[in-house]
Amino acid sequence: METFKGYERPVGPAGVRNFVAVLPISVGASPVADEIASRAGENVRATPHQMGADPPKQAREQIERTLSGIGQNPNVGAALVVELGTESIAADDIADEIAAMERTVETLSIRDVGGTTAALETGTDCARELWDEITDQRRIECDVSELRFGVECGGSDATSGIAANPAVGAACDLLVEDGGTATFSETPEFIGAEHILADRCVNEDIREKLLDRVDRREANAHLMGVDFRGAQPSPGNQEGGLTTIEEKSLGAISKGGTTPVRGIVDYAEQLPVGGGLVLMDTPGYDVESVVGKVAGGAQVIAFTTGRGSTTGNPIAPVIKVTGNPKTADRLANNMDVDASTVIEGESIGSVGKRIYETVRSVASGERTAAEVRRLEEFAINELQPNELADLEGEA
Amino acid sequence: MKGEVLGDLALHMTADDTVVTAIDDLEAGTEIPYDGGTVGLVEDVPFGHKIALVAGEPGDTVVKYGESIGRLTEPVEAGEWVHTHNCESTRGRGDIVEADAEVV
């Protein structure tokens with residue numbers, strides 16, 4: 001049995017970190033959440049974001065699902081939900097969702113306590129008290145089948161499809177074999193490779209859902225009267241040798257490994273535990289996409305990059321993997337695993353084993369390059385007008 | 001590495017692929033061993049970029065990973081750099097939908 005040392009939770013799988021999360025409801029509450037976290041200490045993490053106070057219904061539901069999911073992530077031991085007090089989303093509703101996972105959760109209304117200064121004082125005290133409640137928790141031996149492992153790529157180049165992605169895919173295969181869940185997303189990057197994923201779906205329902213999601217993302221491009229060229233692959237991807245979205249997609253899907261596709265969930269929807277390979281329907285923007293998977297419960301993320309990426313996440317450790325020898329050298333400070341050895345002749349399987357070992361040691365507490373440097377980007381996917389119209393039509 | 005490395009210079013992902021990926025910055029004139037002979041580079045090709053193994057005409061499918069990655073927009077000879085100047089996607093093409101709509 002493969003194990004990691006995690007924090008046991010009253011409900012759900014074990015955490016790989018033990019954080020107090022400070023979750024703002026809106027952009028207006030975000031600076032307060034951020035400042036509370038920096039005053040309250042190392043283990044208090046904020047998730048500031050850009051969403052407004054009164055978004056349309058479908059967008060609101062997605063924000064609620066994301067914030068609740070982040071608060072329910074196994075890496076969160078306790079949470080403080082911060083509202084300005086004028087939002088259409090109530091902090092109490094998010095808190096109730098988090099409390100359902102038997103975590104201690106408090107709320108703070110900036111308007112009710114008398115403005116920013118008072119909110120910072122009250123909030124900082126509250127976050128410290130929440131930390132006192134969970135500070136005694138100790139890591140215990142947990143089965144790797146409790147892990148939901150999210151994989152992401154960003155700043156791709158030709159080496160992503162040749163080295164880093166298939167190596168991370170080999171790590172996914174090992175985790176799935178050991179009973180865990182692996183997930184990748186970014187539906188626009190299924191385009192041109194969806195027939196391969198569709199053939200791997202375990203049943204017709206999942207297959208149809210997958211193809212429908214790909215059609216929807218492609219139709220969005222059609223609706224706008226634009227093609228993906230220029231945006232997909234991005235100019236940087238193109239400089240790195242990627243010519244078309246099909247080429248990028250064929251390289252991108254290899255980061256999920258080779259096991260059957262057992263499901264596809266919506267952005268920030270809960271990922272199953274012990275579920276094998278499950279896809280998430282997210283946009284191609286990597287920071288939003290990582291947040292969707294962490295809200296879905298992913299405790300650990302591996303992030304492949306050819307050209308270079310430094311981003312992390314406040315709640316889940318992000319392991320950086322590069323297949324580009326120049327990036328491995330230039331961005332050595334920001335990388336955790338060098339997969340460029342594939343180009344020198346190391347086998348994909350061997351690098352995959354190294355990545356899997358890194359996943360388990362990071363899950364057991366070893367800090368990633370992004371964590372050491374406190375790189376904690378956070379953004380919630382904002383539904384675009386045409387996506388809202390599409391979802392309204394369906395509702 | 002998956003696929004076959006040709007002469008330590010380029011990676012051929014599957015036997016069906018019409019292109020290889022340079023695994024070093026390659027100069028014009030470099031000879032890549034392929035199919036019992038060699039393909040000579042007609043221009044410099046940077047690391048990570050693709051080289052045609054076979055000649056092709058506009059409309060021909062470009063194959064990498066054993067799958068279509070798009071089609072040629074220009075005539076290409078073996079040993080040429082294959083990228084956005086002579087190869088385009090066939091997917092997510094809102095511009096093509098628009099153009100077709102105008103014809104109707």
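**Figure 1. Order of the elements in chain B of the predicted model.** Starting at the N terminus, the elements of chain B follow the pattern β-β-β-β-β-β-β-β-β-β-α. The chain thus shown belongs to a predicted model. Chain B holds 10 strands and 1 helix. Of the 104 residues in chain B, 44% are buried. The accessible surface of this chain is about 4900 Å², and carbon and sulfur atoms account for 48% of that surface. When contacts in chain B between residues at least 6 apart in sequence are considered, 40% of them join residues at least 24 apart.

**Figure 2. The loop residue B:D35.** B:D35 is placed in the loop between β4 (31–34) and β5 (37–40) of chain B. The phi angle of B:D35 is near 55 degrees, which is a positive value in a residue other than glycine. B:D35 counts as exposed because its relative accessibility is 72%, and the term exposed applies over 50%.

**Figure 3. The open sheet of 4 strands in chain A.** The strands of this open sheet are arranged in the order β3-β2-β4-β5 (chain A), and their pairing is parallel. At the edges stand β3 (44–46) and β5 (104–109) of chain A, each of which pairs on one side only. Neighbouring strands of the sheet are turned against each other by 20 degrees on average, direction ignored. In general, the strands of a sheet pair through backbone hydrogen bonds, in either a parallel or an antiparallel manner. Here, strand β2 (residues 19–24) of chain A pairs with β3(A) in the parallel sense over 3 bridges. A:V22 has A:A46 in β3(A) as its bridge partner.

Figure 4. Helix α2 (residues 57–72) of chain A lies across β2 and β4 of chain A. Relative to β2(A), helix α2 runs at about 170 degrees.

**Figure 5. The open sheet of 7 strands in chain A.** The order of the strands in this open sheet is β9-β10-β8-β7-β11-β12-β13 (chain A), with parallel pairing. Its edge strands, β9 (261–265) and β13 (337–338) of chain A, each pair on one side only. Strand β12 (residues 318–322) of chain A runs parallel to β13(A), and 2 bridges join these strands. The bridge partner of A:T322 in β13(A) is A:D338. Helix α6(A) lies across β7 (148–153), β8 (181–184), β10 (276–280), β11 (300–305) and β12 of chain A. Helix α6(A) runs at about 170 degrees to β7(A).

**Figure 6. The crossing of helices α6 and α14 in chain A.** The axes of helix α6 (residues 158–177) and helix α14 (residues 348–363) of chain A come within 7 Å and cross at roughly 65 degrees. The crossing of α6(A) and α14(A) is right-handed. On the side of α6(A), the residues in contact are A:I162, A:A163, A:P166, A:A167, A:V168, A:A170, A:A171, A:L174 and A:L175. They meet A:I348, A:V351, A:G352, A:K353, A:I355 and A:Y356 in α14(A). By class, this contact comprises 13 nonpolar, 1 polar and 1 charged residues.

**Figure 7. The residue A:K353 in helix α14.** A:K353 lies in helix α14 of chain A and is among the residues of α14(A) that meet α6(A). A:K353 counts as exposed because its relative accessible area is 51%, and the term exposed applies over 50%. The C-alpha atoms of A:K353 and A:R330 are 24 Å apart, and the two residues are separated by 23 residues along the chain.

**Figure 8. The buried loop residue A:A268.** A:A268 is found in the loop between β9 and β10 of chain A. A:A268 counts as buried because its relative accessibility is 1%, and the term buried applies under 20%. Not counting residues up to four places away in sequence, A:A268 touches A:R65, A:T66, A:M280, A:G292, A:A295 and A:G296. A distance of 8.6 Å separates the C-alpha atoms of A:A268 and A:T282, which are 14 residues apart along the chain.

**Figure 9. The loop residue A:R374.** A:R374 is placed in the loop between α15 (369–372) and α16 (385–394) of chain A. The phi angle of A:R374 is near 50 degrees, a positive value in a residue other than glycine. With a relative accessible area of 34%, A:R374 is partly exposed.

Definitions and conventions:
Residues numbered from 1 in each chain as written. Chains lettered and ligands numbered in written order. Predicted model: local features only at pLDDT ≥ 70, side-chain atom pairs only at ≥ 80, totals over all residues. Heavy atoms only, no water. Axes fitted to C-alpha atoms, helices over the stretch in contact; angles between N-to-C directions. Left-handed = near helix turned anticlockwise from the far one by under 90°. Contact = heavy atoms within 4.5 Å. Nonpolar A, V, L, I, M, F, W, Y, C, P; charged D, E, K, R; others polar. Buried < 20%, exposed > 50% of the residue type's maximum accessible area, 1.4 Å probe, protein only. Areas by Shrake-Rupley, 256 points an atom, 1.4 Å probe, with all protein chains shown as cover. Pairing = 2+ DSSP bridges.
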